[in-house]
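Hello,

I am handing over the structure below. Please look through it before reading the notes under it.

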Amino acid sequence: MLHIQDLRVEVGGKAILKGVNLSIGVGETHALFGPNGSGKTTLLMAIMGFPRYVITGGRILFKDQDITGLSVDERARLGMGISFQRPPAVRGVKTRDIVNACLESRGRKDGQAVGELAERLNMVELMDRDINLGFSGGEIKRSELLQLLAQGPDLVLLDEPESGVDLVNMSLIGQMINELLQKDLKRTRSRSCLIITHTGHILDYVRASKGYVLLEGAIHCVRDAMEVLDSVKEHGYEGCVKCLCQSE
Ligand SMILES: Nc1ncnc2c1ncn2[C@@H]1O[C@H](COP(=O)(O)OP(=O)(O)O)[C@@H](O)[C@H]1O
Ligand SMILES: [Mg+2]
């Protein structure tokens, strides 16, 4: 589904990613760990193609196609979707408008589908409000996931879906992610996912196979996701720098 080869990215003229390699197979979920400022969000934004994140080296292959030079909307049309760590509030644009636009782009115009989706996800009151304006942390993340469900991407990029979320919302968000990644009966292939987690809490709900630790723009560790999480909990990211888990 996704191959990233020696990816180098600059933001605001500063080199942030210094040669990242990573591959995600069809139907696989991988977790990306790392301290604040290590470049996790930069990696996701570069995969999605936001122009502020300038690719200075390496390439990104998506479904066997080199997408390194494609725009955000071209990547989205190919089947990539993202949930932002901190999405912007947009005055005058209702949550319903965005969800409808996502459904329409897939040829599903019925308003009933939106209503059902919103009801199932406990989002009914948020549908006619300006998107993200005054939303709580949990509401923002639920709204991001609702948009992804409507969009139906083959590769889902999730940037800290648990940040700013209370325990009740956590379990709902976990359910929504699992629903998003579940094999849809009408589809022959299941979805792939790269999930950024700072705390690892989301992995209580969502199963990830591989885990990576990103330190100062480079991947320092590729192991079973739960092993990475246990090791980070025990030794902190300083342990990753010294690679303490190898000696366990
Ligand atoms: N627009 C920007 N201009 C300059 N530096 C930036 C910009 N956005 C992010 N950075 C820097 O890039 C580094 C990595 O940030 P980020 O990818 O957000 O890390 P993480 O998500 O791991 O916390 C940080 O040092 C951050 O300050
Ligand atoms: Mg981040």
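This is a predicted model: local features need pLDDT of at least 70, side-chain atom pairs count only at pLDDT 80 or more; totals for chains, interfaces and linings use all residues.

Residues are numbered from 1 along each chain as its sequence is written, and chains are lettered from A and ligands numbered from 1 in the order in which they are written.

Helix α7 covers residues 225-241; helices (H or I, at least four residues) and strands (E, at least two) are DSSP runs, numbered from the N terminus. A kink of about 105 degrees is centred on H235 in α7, the bend being the angle between axes fitted to the seven residues ending there and the seven starting there. C243, which follows α7, has a positive phi near 55 degrees.

Buried residues of α7 include V228 and L229 (20 or more other C-beta atoms within 10 Å of the residue's own, C-beta atoms being placed from the backbone). The buried residues of α7 pack against β3 (29-33), β11 (210-215) and β12 (218-224).

β3 and β11 run parallel and are joined by three bridges, with A31 opposite G211. β11 and β12 run antiparallel, with six bridges (strands pair if DSSP finds at least two bridges between them). In their hairpin, E216 has a positive phi near 45 degrees.

The largest nonpolar core has 63 residues, and L157 and I195 have the most contacts inside it (a set of buried Ala, Val, Leu, Ile, Met, Phe, Trp, Tyr and Cys residues joined through C-beta atoms within 7 Å). Helix α1 (residues 40-48) gives the largest share of this core, six residues.

Regards

Note on methods
The expected span of a helix is 1.5 Å times one less than its number of residues. A residue is buried if 20 or more other C-beta atoms lie within 10 Å of its own, exposed if 12 or fewer, and partly exposed in between; C-beta atoms are placed from the backbone. Two residues are in contact if their C-beta atoms, placed from the backbone, lie within 7 Å.
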